[in-house]
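Let's take a friendly walk through a protein model, looking at how its strands line up and where its nonpolar residues gather. Keep the picture at hand as you read.

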Amino acid sequence: MNYLTLEDVTKTYGEKVLFNKISLQISKGQKIALIAKNGTGKTTLLRVIAGKETPEGETANILLNRDIRIGYLEQDPDLYDGHTVLEAVFESDNPLIQAIKQYEHALLFPNEAEAMQTALTQMDDLKAWDFEARIKEILTKLKVSNFDQLVGHLSGGQKKRLALAKLVIEAPEFLILDEPTNHLDLDMIEWLEEYMSQQNLTIFMVTHDRYFLERVCNNIIELEGGNLYRYSGNYSDFLTKKALRHENESIELDKNRKLFKKELDWVNRMPQARTTKAKSRVDSFHTLDEKLKNVRVEQEMQIDIKGQRLGKKILEAHNVQKSFDDFKIVDGFSYKFKKGERVGIVGPNGVGKSTFLHLLTKEIRPDGGKVVVGDNTVFGYYTQDGIQLKGDQRVVDVIRDIAEFIPMEKGQKLTAEQILERFLFSRKQQQVYVSQLSGGEKRRLYLLTILMENPNFLILDEPTNDLDIITLNVLEDFLMDFPGCILIVSHDRYFLDKLVDHLFIFEGEGKIRDFNGDYSDYRVIQKEQEKEQRREERAQQLVIKAARKEEEDKKPGLTFEQRKELKRLEKDLSKLEDKKTELEGKFAEPDITPEKIATLAKELAAVKDQIEEKELLWMELADLD
């Protein structure tokens, strides 16, 4: 089933052409990610598809399937500030949500029996009781817990999470998402990843989360030079196929250049030749000339700024403690940083990670203990909020205010204009006002202001937000070669796995654990620990129930209902064992792909968990017989 068709859609921003006569089709079940550099029109294309902006061009046409519900998540959601959180969720045309809204309202007025009876009947008719529990579950998963709080009092991140929760609750068939993982902690991202992997969902989204691209998407579209390039498969497939496309384009470009030189020689030698054949060659020459002029040379951001040397003493924390009233941020943290260390910081939102960074840079005084900074240590501190760039200031002037030139490796120097060019700001764009930059371009400019201070200890608080994948790859390469220390707070799992040697895990109540490994290593161990904890909890429940059973003086054996449940469990276990055998058999198929292995492994783990859970229930009932 076709969900969306775009034909000959064009959009310009001043003199800049974002996309030119592009066409696109999206069908049911496709999970498509849009990839492009910052400032090239990703968000604009999403807004055009969602009907928030009008396309240009007389032949432009957008066809949306009217039989499906569409949900759109903006970068900055537009929510009514006067609503409470729960009122914002209930602002929906979904009949189930409306039924729950009326029921919640009836609870506030218990004396109005007729209204309560109507609400109860509607809840029963629509089978909305489970849906009400699902609403609360989704809000809790995304840490939207204060249902009576006004939307106007929420932070930007809380509004984004509320808007995402609202979208998931409404359960539209077609989701249009602009950076859905921004402002989510790692547990939320993994939950959202699992939700969006459902087969019945159709998705068109912009995201820089590469694990999301790898595990959720089955199509990737690249917006480059105003054109769309489509790649089937996930992120790794995209990388392979894009490299092949560039290789083919390079071969074609080389052929065209050689042909152009040959034709140019001919035109110069035979200016008087005007036969029909000659005219044809002249026309071909001009066509080829125009084609070569329009070739866009792929620029790559270059970062090779010289770093200062670190001394023997770099940064030390001695029994550091910090609390706000009864809320402990750090409780007795001690650590000595060594040269070249790369440390990631992970933990839920609101646990105090940013405050911890402020403690290490001495912007905040600890309640106890001390922080010692080495004499040669120069921090480069990239904060979540960034610097307040003046909107009426030109890009080049932002850099000139810091320095006219900076030292590079091997004694070289770069002017402000040259260093901006290396950060993909052309000479023309350097004259643009900061207010005209996209969010990602502002982030890139802010990153440059940090690096121009020539630091040897980088502290990066959510550096990947709003950066495009191309910029992220170059930033990662730079950080891998950076000779100093790096401390990173990030919800980008791919970024952490690629860069860090070990993690500081914020476990709450001021406890910070040093974990030797990357984020994926940590999650594997954490999930095993969670499984073990669930097993222990089940075992404890069995002990408690066994003790209660011993206290019963009469009614030995199982009741009629318990016997029915025992038989149902036996049937379920038989089916699950068959399913397990079937899945295990598929691993032996000769043409199995790595992607299929990953999918089968996930399914097999889920089946095993179900078997374990039902076996425990069966044993519990069997013991009563």
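## A pair of strands

In this predicted model, strand β14 runs parallel to its partner β17 (residues 457–461), and four bridges join the two.

## The whole sheet

Now step back from the pair. In general, strands of a sheet pair through backbone hydrogen bonds, and they can do so in a parallel or an antiparallel way. Here, six strands form an open sheet with mixed pairing, in the order β14-β17-β18-β12-β19-β20.

Why is one side of β14 and of β20 left without a neighbour in the sheet? β14 (379–382) and β20 (511–515) stand at the edges and each has a single partner strand, so one side of each has no neighbour there. On average, neighbouring strands of this sheet are turned by 15° against each other, ignoring direction.

In soluble globular proteins, nonpolar side chains tend to be buried together. The largest nonpolar core in this model has 55 residues, and Leu139, Leu142 and Leu162 touch the most other members. Helix α6 (residues 156–170) supplies the largest share of this core, with seven residues.

Take a closer look at Leu162: leaving out residues up to four places away in sequence, its contacts include Leu79, Val85, Ala88 and Leu139.

Conventions: Residues numbered from 1 in each chain as written. Predicted model: local features only at pLDDT ≥ 70, side-chain atom pairs only at ≥ 80, totals over all residues. Heavy atoms only, no water. Core = buried A, V, L, I, M, F, W, Y, C linked by side-chain atoms within 4.5 Å. Buried < 20%, exposed > 50% of the residue type's maximum accessible area, 1.4 Å probe, protein only. Contact = heavy atoms within 4.5 Å. Pairing = 2+ DSSP bridges. Axes fitted to C-alpha atoms, helices over the stretch in contact; angles between N-to-C directions.
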